[in-house]
Amino acid sequence: PSARRPRLAHGAMVGLATFMIVSKEDVPQYECDFGASREQAAGYAPGGKKDDAAHLHQFVMHAALDFVDERQWETNTMNLKLVDRFNDLLVYAFVTAGGSRFLLLHDQRNEENVRNFFHDVHELYLKILLNPFHSPRAPIVDETFDARVRESAKRHFP
Amino acid sequence: ARRARAMQRQGQTPSIVDRPLPKGRSEVSLSAFSFLFSELVQYHRTRASSIAELEQKLSEAGEGVGSRMLEVLAHREKSNRREIRLQGILQFINTNVWRCLFGKVADSLEIYNDDEYVLGDKSLVVNRYISVPKDLGDLNCGAFAAGVVKGVLRDAGFPAEVSAYYAEVDGQRTPKTNILMKFAPEVLEREKRLGA
């Protein structure tokens, strides 16, 4: 695993976070970038562009999926807490009963807030899933869902 | 939920995301369900070219129910515990899923082979008011329930071939419905790896 990772020499940034929902078959269903100012995001990426930071986040989160796959068969709790690390970035994971993975990329260590955030999103996710017109693997495009996820993030990661 | 009530007062329909999760205490009348189910069977009967295809369509309809049941019941009844062992998921289906859908737990759960388990129900609700005409031969509308089980098993990570068949029972006029689950090899390998 470490051989696959690009090496980056860089210092800390504050409050940068990305959240992603990936289905059981590794299909991305939802993604949300929050918390970063443009300057902070630009400062983290080597080329200084916000896009690079976003790509890096996606890469790190997908790489973490291997660890999630292992962890989820070792415990019957949904909240897997911290599953992987990349430089200053921490990856937290939550697995639902149906195998959907919630991944949170954050640079701050606060398991309590992460747990509450995952709990909120899980309830929102269940409501979307119960809609018989929603295909289980389809992307979640509901605007209200997106709004509530962002509100929950603001509440738990001030 | 507060937001939902505020919107309703203003005459707007709140988004599904703002309404509270159902508590699962509501019931549907048997006649309403039987009517809807019979319509479902008749709809697919005219469009399927074989009995196998008809059962396949019923099974697919059930899978959507199963995958949602798994998620909701794990949250509502099992305080967010996931099943990672075969016995666990079988008990979950036997007890939680059956009780939520049919109002009672399944009648039996037996093992036939290493990879084959059978769930039995003496009077499966979906079959109770179905009479199969001769020209449809082997058709078992319990395929819908088999689909529910298949959806639960697949999403929980225990993929299996699931089918429903009738079995005569001594002393009972109507046959019981058995749901046969044949698990994929990776399930058995993982069970072995996780230990006896």
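Predicted model: local features only at pLDDT ≥ 70, side-chain atom pairs only at ≥ 80, totals over all residues.
In helix H2 of chain B, four residues are buried: B:Ser34, B:Phe37, B:Val41 and B:His44. Seen around the helix axis, they cover an arc of only 100 degrees, which puts them on the same side of H2(B). Why can residues three or four places apart point the same way?

What do the buried residues of H2(B) pack against? Their partners, in chain B, are helix H3 (51-76), helix H5 (125-128) and helix H6 (143-156).

H2 of chain B has 18 residues (residues 30-47), and at 1.5 Å a residue they should span 26 Å; the end C-alpha atoms are 26 Å apart, so the two values agree.

Let us move on to chain A. Its secondary structure consists of four helices and five strands. Along the sequence, these elements of chain A follow the pattern β-β-α-α-β-β-β-α-α. The table gives some overall values.

| Property of chain A | Value |
|---|---|
| Residues that count as buried | 49% of 158 residues |
| Contacts joining residues at least 24 apart, among those between residues at least 6 apart in sequence | 58% of contacts |
| Accessible surface | about 7,500 Å² |
| Share of the accessible surface belonging to carbon and sulfur atoms | 51% of the surface |

Note on methods:
Residues numbered from 1 in each chain as written. Chains lettered and ligands numbered in written order. Heavy atoms only, no water. Helix = DSSP H or I, 4+ residues; strand = E, 2+ residues; numbered from the N terminus. Expected span 1.5 Å × (residues − 1). Buried < 20%, exposed > 50% of the residue type's maximum accessible area, 1.4 Å probe, protein only. Arc of directions from axis to C-beta. Contact = heavy atoms within 4.5 Å. Areas by Shrake-Rupley, 256 points an atom, 1.4 Å probe, with all protein chains shown as cover.
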